[in-house]
Amino acid sequence: MLDIDPEEDGITHINAYSRGKTSLGRFLSNFAHTPVNTPDGHFESLEGYWYWLKTYDDMLRDLHGYKAKEYGRKLPVANQTVNKNKFKKALQQKINDNSDWLKENSLWTDLTLPLKHYYVYNGEVKEAGGQWVIDILEQLRFDMLD
């Protein structure tokens, strides 16, 4: 359990989660419908790309949100070790493609608000994993605004 008050999302922190309280947090989620061109081609979301890197199933190119995760989880894994560098580049592309909107978003530009990644289950705040992605987002954020 994390010591975070979900009611403070957008006030003391930003939850990069598909059900976060802020539009920025929902945008930063891999589930977000944010088309991105990668070295492996076009994808409708980073969630689709993540599962494509594991399975190489081209149906994932057109999926976003929970549908991408649900479909990707059912597929046989073709690649035991996902290339995190490829994913990082795609994440960077997503941020670059939306840099004008991000620079105008006060939550993104307020570097005192840390990015978090959690969900609430049965009233408890649970770590959602993927801290390495949050770390990359934080670095991209600081680099953009430096």
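A salt bridge is a side-chain nitrogen of Lys or Arg within 4 Å of a carboxyl oxygen of Asp or Glu. Lysine 21 and glutamate 7 form such a bridge, with their closest N and O atoms 2.8 Å apart. Lysine 21 lies in the loop between strand E1 (14-15) and helix H1 (23-28), and glutamate 7 lies in the segment before E1, so the pair ties together parts that are 14 residues apart in sequence. The model is predicted.

## Salt bridges

Side chains of opposite charge can pair when their charged atoms come close. The search of the whole structure finds 5 salt bridges. The table gives some of them.

| Pair | Closest N to O distance |
|---|---|
| Lysine 21 and glutamate 7 | 2.8 Å |
| Aspartate 40 and lysine 86 | 3.1 Å |

How exposed are the partners? Lysine 21 is partly exposed, at 46% relative accessible area. Glutamate 7 is exposed, at 52%.

Aspartate 40 bridges to lysine 86. This pair links distant parts of the chain, 46 residues apart. Aspartate 40 sits in the loop between strand E2 (36-38) and strand E3 (41-43), while lysine 86 belongs to helix H4 (residues 84-97). Aspartate 40 has a relative accessible area of 17%, and buried means under 20%, so it counts as buried. Lysine 86 is partly exposed, at 29%.

Lysine 126 is partly exposed at 28% relative accessibility. Glutamate 124 is partly exposed too, at 34%.

## Nonpolar core

The largest nonpolar core holds 33 residues. Which residues have the most contacts inside it? They are Leu24, Leu28, Ile95 and Leu137. Two or more core residues come from each of H1, helix H2 (46-55), H4, helix H6 (106-109) and helix H7 (131-145).

Take leucine 24. Setting aside neighbours within four places in sequence, leucine 24 contacts Ile14, Trp101, Leu102, Asn105, Leu107 and Trp108.

## Threonine 34 and phenylalanine 43

Threonine 34 lies in the loop between H1 and E2. Threonine 34 is buried, at 9% relative accessibility. Beyond residues up to four places away in sequence, threonine 34 touches Phe27, Phe43, Glu44, Ser45 and Lys94.

Phenylalanine 43 is in strand E3. Is phenylalanine 43 buried or exposed? Phenylalanine 43 is buried, with a relative accessible area of 0%. Leaving out neighbours within four places in sequence, its contacts are Thr34, Pro35, Val36, Thr38, Gly48, Tyr49, Trp52, Leu60 and Arg61.

Glutamate 8 is another matter. The C-alpha atoms of phenylalanine 43 and glutamate 8 are separated by 32 Å, and the two residues are 35 apart along the chain.

## Largest pocket

Rolling a probe the size of a water molecule over the atoms shows where empty space is left. The largest pocket has a volume of about 640 Å³. Its lining consists of 23 residues. Phe31, Glu47, Lys69, His117 and Ala128 lie nearest the centre.

Which helix gives the most to the lining of the largest pocket? H7 does, with 4 residues. H2, helix H3 (65-74) and H7 each supply at least two lining residues. By class, the lining has 14 nonpolar, 6 polar and 3 charged residues.

Key
Residues are numbered from 1 along each chain as its sequence is written. This is a predicted model: local features need pLDDT of at least 70, side-chain atom pairs count only at pLDDT 80 or more; totals for chains, interfaces and linings use all residues. Side-chain values use heavy atoms; hydrogens and water are left out. Buried means under 20% relative accessible area, exposed over 50%, partly exposed in between (1.4 Å probe, protein chains only). A nonpolar core is a set of buried Ala, Val, Leu, Ile, Met, Phe, Trp, Tyr and Cys residues joined through side-chain atoms within 4.5 Å. Contact means heavy atoms within 4.5 Å. On a 1 Å grid over the protein atoms alone, a cavity is a set of points where a 1.4 Å probe fits but cannot get out, and a pocket is an open set with protein on both sides within 12 Å along at least five of seven lines; lining residues have an atom within 4 Å of a point. Grid points are joined across faces, edges and corners, and a volume is the space filled by probe spheres set on the points. Ala, Val, Leu, Ile, Met, Phe, Trp, Tyr, Cys and Pro count as nonpolar, Asp, Glu, Lys and Arg as charged, and the others, Gly among them, as polar.
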